[in-house]
Every structure is written in C-alpha cells, then in structure tokens.
Amino acid sequence: MLSTRLYEDFPTLKLKINGKRLVYLDSAASSLKPKRVVEKLKDFYYTSYSNVHRAVHTLASQATVELEESREKFANFLGVSPEEIVFTSGTTMSINLVVVSLLRSGFLKEDDLVLVSLLEHHANFVPWLRLSKFHGYKVDYIKPSGRFGTLELDDLLKFRKARPKVVAITGLSNVTGQRLPVEELRNVFPDSIIVLDGAQLVPHERVKPEEIGVDFLVFSLHKMLGPTGVGVLYGRREFLEQMEPFLYGGEMIDRVTLENVTFNELPYKFEAGTPNIAGIVASKEALIYLEEMGFEEIRRRTRKLTELAVDGLKQIDGVEIYGPLDERQQGIVSFNVKGIHPHDVAHILDQEFGVAVRSGHHCAQPLIELLKKQSTLVEFPNSTCRASFYIYNTEDDVETFVEGVKKIKEWFTR
Amino acid sequence: MMYSEAILDYANSKRFRGRLEDATAVEEGKNISCGDEIILYLKVEDGVVKDTRFEGIGCVISQASASLMIERIIGEKLKNVISIIEEAEKMAKGGSFDEKKLGNITIMSDVKNYPARVKCFLLSWRTLDQVIRKLSQS
C-alpha cells in the first residue's frame, strides 16, 4: 500500500481512469507532481513574480533571490559550485548547447571522433549526428553486446584505443532501464570530454559529476517531480569559461558596442533571454521532496518494483522482456507480447485496467532496430510497451499491471 | 469499443494483405512516433480502382482500418475514392459524416473518442490520399 502521505501529496493518484484506480506507469516520460511543487508555482506567480537579474525593485530582487536559491540547491545536490549550473529548457536543449558550444570554441574539430552508444534517446543522438554533417567530425557507435540491448563493460573497452574527443552516453537507458557503469567512463576514456545524459538516471540516484569525473551532466526536472521546461546543465568550470555561448541575446552579455560584444560571467553567459523563472524556483521544491525521501530509498523502492514487474511478466508465456533483467535494471521495464501490437496492449491496459504505460519507439530508433534483430518474435512491431516506476508506485500497481497484461494475452489468443 | 469481434476480424483478415504484382501505383506510409509502416499497392485502370493490397505491421486499429478501406474502395472511381477519404477523416475526427459513403467502415467510428488512436486509424487513409494525389497530378 502507498503511504497516506504520498497519496495525499500526489492528487493525480486519486483519479479514476475509466472507473478504475489510476496506475501511473509512465514516469520515464514524465513524473507526476506533488502538491508542494504546484503550490510553489502558484504562490510564486501570485506573490513574488517578476523578471530576474535586471531591475532593482523589490519584486525583482525577491524573484532573483529565489531563482539563485534554486541554483544553489542544485549545486549542493551535485556537489559542484553554482557557477557551474546552467538552467536550460530541458535535456534536449542542454545537449544541443553542449554540442554547438564545443564546436564554436574549438574543443571539437573536423576529424575528431565522437562516441555515442546505441542506447541513446534521440536527444543524445541526433544533435551529434546532424552537426557532424556540417562540421566534419566523425561519429561512432558503442554497440551493446549483452542481452537485448544490454551494454557490457567490454563494449566500452573496445574503444579504449580509439581516443575519442567526446564520449556522450546515457546513465540509464530509457528503453531497457539498464543503469550503465558510469563510474568506469573516466578510467576507460582518460582524455575524452565526457557528456553524461542523466535524464533517466538523476531522478533515481544522486550523481556527483566531479567524483565520477564527467565533464558535463544534463537532466530535466519534469522527470523528477518538477515542472516541465526546466533543465539542468552541469559543466566543468574550465570548459564553461572557454566555451562560446549557444544562444545570444539579453542577460548573457557584458558589454555591447557596434564592433563587438563581451559576455557575462558564469553561468549567465549561457542563459540568454528570460528563463522559466517560476519553473526553476518550483524545481527546488521537487528536489527538497526527493531529498526528504532520500535517494537511497528511492533507488531501493523503484528497483524492488522493477524486479517484481520483471518476475511477473516472466510468468506470462509469449512475453519478451528487453534489457538485462538483473540488478542493473532500474525503474523501467520494456516488453512485447507475441502477436499483439504494443499500442493495443497500452490502449487496453488503460481502458480496462486504468494502467498508463507508454508504447512506441521511445525516441530511440537505433536501439529499437537492434532489439528487432535480436527478437524471437515472428513480427517485431518496431516499438515496445514500457512500464516505468517512480516513488509513488506500489506493489499493488505492479500486480494490477501484470494481471492486465496476462488478461490481454488470454483475450487476444483465445 | 475499439476491440469488437468485427474489428478484430478485419484486423486479422488476410484478404487484402500482400504485394500486388501488377500494381500501377505503390505508396509507403509511416506513423513516425509509433514506428508503424504500411505499403499500399493500387491497380488503377480508366480512373477506376481495380484492385488494392497492403503490407506492413501495426496495431489492430491500423490493420482493421486498412482492410476496411480496401474493401470499400475496390471497384470505385477515383473521384469517389477522394470523397470516401474525406468522410473517413471526418468520422475519425468526430465531425458529421455521410454514413452511406463509408458503409462498413462506420464500425470504427468510436475511434473519435481516442485521440491518440486517430493517427493509427488514418495511417492507411493518409497513404491512400498520397497515392491519389500523385495519380491526379500525372
């Protein structure tokens, strides 16, 4: 059973979906929001809202203080300094910023090698690939050799001698749920710029970029109880200092003349224009909520649910589950049911059982192609069903979900 | 209900599946966010759809829709096909439509209640629309 507190904190959980209790298993796409975050958004807009950094009036000062408190909170969370925390609109914007700024400042040049894995979602794939067409650097792919898209340490080690300029890799796959050995990255690639996509990892785990030695870490708040439209980009100071901005405009400048401009100090140099002020301020509340629960507890809880879901689905004949299916799998279970398209599974789970899961290719087409090759299904549907768990899910939820899949299977094959 | 016996029968039917060797027009359709793909084969002579087949995999909604569509348009003049496509679009989007023109296809009218599934239903129709446009241009 879910604790009364969680039930009260997340009003969405009280919804009835087609007469059934909502079982929300789509947190990898976006998490539900606690009252604390929504109330903060409302209160901030009503009592403290103004633009930030520019004016001297009282409201502007209050808003600026609140925004900077949020930055400090995230800096503490990651164990870095506030100047290294850039607020963006999300993971996609952060990765685009990193790629373009590395190029503009000469860190990444023609003929350099960028390594990405086949596990990446499109946000950490498309920017690297597309910009290589214009800038002439090479992109190569780390191919997972393990069970259904599972990346093994050996797959990384194969590239040890390739001396990539950049290694851009996810910390946790949004399709298979595999938690990658991110602590090994620096050992394997001692001289590379390491960009860690934490979109799925950071909601489940406290990541310390300096300790594990990554140069950039990106994640989005909407997957960890916060509002949409807020992303955090950590960048190691020596890079941020030397990097050319991605967006030009207000706030990010120092002095503008008719001949040239100089840039503001860190991190404002990378925050052109008016940011999502209320969203950034309310993001702090999301982080406080998660810290109160404790990331160890979050990890333990979602790992337990993942294990239960895998065990439950394994009992159903004709279900193919992707990913490692061991302790490396965290919060996400992707699967297909033989002969039934994932859209149909997802639609009926919703209509008949009140269970919300995602179906589709999860913005990770290269990985889906790999799964297709390894699949034993006669017709692989170019997509999967994905159940993803977060702090407000329970063992009851998993039971309802597994029972639903079982009934759908029986119903379709009767 | 989107999963009635009739709809399941159409989705599982092999009647209109496969490649049409003497097709005069072939078109590929995709639902980008789902990964669903369809290849539609049309044999058109003297402005009349003589035969049609489709290949591809997809959900029940998309497969039933393709079967129903093909059943309805074989033997129709191209100009009638255009108005059938229009009526199917209206039905899927919850507008008023001519039931007579759609015939059996109306068993899927419930799709209007599931906005996320409308694109599944429309995949084959959009693909057909592409073929017809190309044919009318040439």
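This is a predicted model: local features need pLDDT of at least 70, side-chain atom pairs count only at pLDDT 80 or more; totals for chains, interfaces and linings use all residues.

Biologist: What makes the contact between R5(A) and D9(A) a salt bridge?

Modeller: A salt bridge requires a side-chain nitrogen of Lys or Arg within 4 Å of a carboxyl oxygen of Asp or Glu. The closest N and O atoms of R5(A) and D9(A) are 3.1 Å apart. The pair therefore meets the criterion. Side chains of opposite charge can pair when their charged atoms come close.

Biologist: Why is D9(A) called buried, and why is R5(A) called partly exposed?

Modeller: Buried means under 20% relative accessible area, exposed means over 50%, and partly exposed lies in between. D9(A) has a value of 16%, so the residue is buried. R5(A) has 47% relative accessibility and therefore counts as partly exposed.

Biologist: How do you know that D129(B) and R133(B) form a salt bridge?

Modeller: Their side chains meet with an N to O distance of 3.0 Å, and the limit is 4 Å. D129(B) and R133(B) are four residues apart in helix 5 of chain B, residues 115-137, so about one helical turn separates them. D129(B), at 23% relative accessibility, counts as partly exposed. R133(B), at 48%, counts as partly exposed as well.

Biologist: What makes the salt bridge of R163(A) and D191(A) a link between distant parts of the chain?

Modeller: The closest N and O atoms of R163(A) and D191(A) are 3.4 Å apart, yet the two residues are 28 residues apart in the chain. R163(A) lies in the loop between helix 6 and strand 7 of chain A, whereas D191(A) lies in the loop between helix 7 and strand 8 of chain A. Both R163(A) and D191(A) are exposed.

Biologist: How many salt bridges does the structure hold over all chains?

Modeller: There are 38 of them over all chains.

Biologist: Why is Y46(A) called exposed?

Modeller: The relative accessibility of Y46(A) is 67%, and exposed means over 50%. Y46(A) therefore counts as exposed. This residue is found in helix 2 of chain A, residues 35-47. Together with Y45(A) and Y49(A), Y46(A) forms a nonpolar patch on the surface, with about 390 Å² of accessible area in total.

Biologist: Why are strand 4 and strand 6 of chain A said to stand at the edges of their sheet?

Modeller: The open sheet has seven strands in the order 4-10-9-8-7-5-6 of chain A, with mixed pairing. Strand 4 and strand 6 each have a single partner strand, so one side of each is left without a neighbour in the sheet. The twist averages 20° from one strand to the next.

Biologist: What makes both faces of strand 4 of chain A covered?

Modeller: I85(A) and F87(A) on one side are buried, and so are V86(A) and T88(A) on the other. Helix 4 of chain A lies across several strands, including strand 4 and strand 9 of chain A, and runs at about 155° to strand 9.

Biologist: Which strands are the edge strands of the four-stranded sheet?

Modeller: That open sheet has the order 13-14-17-16 in chain A, with antiparallel pairing. The edge strands are strand 13 and strand 16 of chain A, as each pairs on one side only. Helix 11 of chain A lies across strand 13 and strand 14 of chain A, at about 15° to strand 14.

How values were computed. Residues are numbered from 1 along each chain as its sequence is written. Chains are lettered from A and ligands numbered from 1 in the order in which they are written. Side-chain values use heavy atoms; hydrogens and water are left out. Two strands pair if DSSP finds at least two bridges between them. Contact means heavy atoms within 4.5 Å. Axes are lines fitted to C-alpha atoms, for helices over the stretch in contact, and angles run from 0 to 180 degrees between N-to-C directions. Patches are made of residues with over 30% relative accessible area and no salt bridge: like charges are joined within 9 Å, nonpolar side chains (Val, Leu, Ile, Met, Phe, Trp, Tyr) within 5 Å. Accessible areas come from the Shrake-Rupley method with a 1.4 Å probe; for residues, only the protein chains shown count as cover. Buried means under 20% relative accessible area, exposed over 50%, partly exposed in between (1.4 Å probe, protein chains only).
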